[in-house]
Amino acid sequence: MNNFSFYNPVRIHFGAGQIKKIADEIPAGAKVLITYGGGSVFNNGVMQQVEAVLAGRDVLRFGGIEPNPAYETLMKAVLLAREQGVDYLLAVGGGSVLDGTKFIAAAVPFEGEPWDILAHKARVESALPIGTVLTLPATGSESNAAAVVSRRATGDKLSFFSGLIFPRFAVLDPETTYSLPPRQIGNGVVDAFVHVVEQYLTFPCDAKIQDRFAEGILLTLIEEGPKAFATPNDYAVRANLMWAATMALQGVVGAGVPQDWSTHALGHEITAMYGLDHAQTLAIVLPAMLHVRRASKREKLLQYAERVWNLSSGDEEARIDAAIEKTRAFFEAMQVKTSFSGYGIAEPDFNALLAKLQEHSGGAGLGERRDVTLEVSRQVFELAR
């Protein structure tokens, strides 16, 4: 196991009725900006619950944060927060709202061009405090210090990290997820699954706790994911999926182990170019990525085959093939397609995708061994056609 430092300050309030906790978390004199996406938080009653708890407080609202939140939209919120003297942000929604709110938190006090936070990794010196009410379990953004933002005008989708954007608290009420449509259920499960894989399916380093923890999350997603379609109001199912998605990217699984993230890097370029959902791009890339890189991931692929998919006998190459195919089949069962053609993209522009990938990576290799070159990425894209 590699050396590591672990820190996660997010206070989590988990369970039915926990929205009331935000009254204790947000200072009484704070000027609060509630951020959200579309109308779903009103249709399912979550916003009404939040506003009832904050009745009598100084509260503003900013809506319209898109899936794959747009820099252009977020800057409107930044200007509003500056003009109105907002000093606390409350994100109500899924990962895109949370990621966008993290950027707003960093950008409001930032001196200079806020895009530099993403494009040039400018240091974040201060940030507004953030609270979250999660309504779509998927990204783990409610309990980590990362965010991803897209700039529509330039076709860029970039991330940034800062310990200052950890949420102060997160409310996770499984009942808020009952009204999610199948597309978002499937996306959430696939997103969480790939988050774990990016930290687990690399090469062995004798990190037994992290491995078993990762495998437990994967097995939970495999067992509970399909049930969310069949029994949409099953509290136990939604609770287990919500907690699995949070723990997938909370930091423990990746502590002291090599991490990959090349599937995410390629997926981000697909989203930026074709507008697909984040999880859809991960489903396109991951099976192809595992196949192309099977040699460098061999030991962990065999472990994954045995411990997650119960494939322990017969030819090793056949076991790896079966594990990759079972992964693909699981994504398809979650109603998330695993090829470009599945989304009507018959002729992907691989050259354009690779040009953006090179621009954002600086030509450096990706992956846990830094061996995912542009040529390897091309092979992955072509196999995922």
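**Helix packing and its surroundings**

Modeller: The axes of H8 and H12 come within 11 Å of each other and cross at roughly 50°. Helices (H or I, at least four residues) and strands (E, at least two) are DSSP runs, numbered from the N terminus. The axes are lines fitted to C-alpha atoms, for helices over the stretch in contact, and their angles run from 0 to 180 degrees between N-to-C directions. The model is a predicted one, in which local features need pLDDT of at least 70 and side-chain atom pairs count only at pLDDT 80 or more, while totals for chains, interfaces and linings use all residues. Residues are numbered from 1 along each chain as its sequence is written, and side-chain values use heavy atoms, with hydrogens and water left out.

At this angle H8 and H12 are therefore oblique to each other; under 35 degrees counts as roughly parallel, over 145 as roughly antiparallel, 65 to 115 as roughly perpendicular and the rest as oblique. The H8 side of the meeting consists of Asp211, Arg212, Glu215, Leu218 and Leu219, and the H12 side of Lys300, Gln303, Tyr304 and Arg307. Contact here means heavy atoms within 4.5 Å.

Leucine 218 gives a view from within H8, which spans residues 208–230. Leucine 218 counts as buried because its relative accessibility is 0%; buried means under 20% relative accessible area, exposed over 50%, and partly exposed in between (1.4 Å probe, protein chains only). Leaving aside neighbours within four places in sequence, leucine 218 is in contact with Phe193, Val196, Val197, Tyr200, Tyr304 and Val308. The C-alpha atoms of leucine 218 and phenylalanine 193 are separated by 6.1 Å, although the two residues are 25 apart along the chain.

The loops on either side of H12 come next. Arginine 294 has its place in the loop between H11 and H12, and with 14% relative accessibility arginine 294 counts as buried. Apart from neighbours within four places in sequence, Leu301, Glu317, Ile320, Asp321 and Ile324 are in contact with arginine 294. Between the C-alpha atoms of arginine 294 and glutamate 317, 23 residues apart along the chain, the separation is 9.2 Å. Asparagine 310 lies in the loop between helix H12 (298–307) and helix H13 (316–333). Its phi is near 60°, a positive value in a residue other than glycine, and at 66% relative accessibility asparagine 310 counts as exposed. Arginine 370, in the loop between helix H14 (350–361) and helix H15 (374–383), likewise has phi near 60° and counts as exposed, at 52% relative accessibility.

The axes of H10 (residues 262–274) and H11 (residues 278–292) come within 8 Å and cross at roughly 130°. H10 and H11 are therefore oblique to each other, and their crossing is right-handed. On H10 the contact is made by Ser262, Thr263, His264, Leu266, Gly267, His268, Ile270 and Thr271, and on H11 by His278, Thr281, Leu282, Ile284, Val285, Leu286 and Met289.

The whole structure holds 14 aromatic pairs. One of them, phenylalanine 103 with phenylalanine 160, is edge-to-face, at 6.3 Å centre to centre and 80° between the planes. This pair links distant parts of the chain, since phenylalanine 103 is in helix H5 (residues 95–107) and phenylalanine 160, 57 residues apart, is in strand E7 (residues 156–161). Both phenylalanine 103 and phenylalanine 160 are buried. Phenylalanine 330 and phenylalanine 331 form a tilted pair, at 6.2 Å centre to centre and 50° between the planes. Rings of Phe, Tyr and Trp (its six-membered ring) pair if their centres lie within 6.5 Å; planes under 30 degrees apart count as stacked, over 60 as edge-to-face and the rest as tilted. Phenylalanine 330 counts as buried at 6% relative accessibility, as does phenylalanine 331 at 0%.

Phe103 and Phe160 also belong to one aromatic cluster with Tyr71 and Trp115. The charged end of arginine 151 sits over the ring of tryptophan 115, 4.9 Å from its centre; the criterion is NZ of Lys or CZ of Arg within 6 Å of the ring centre and within 35 degrees of the ring normal.

Key. A crossing is left-handed if the near helix is turned anticlockwise from the far one by less than a right angle, and right-handed if clockwise.
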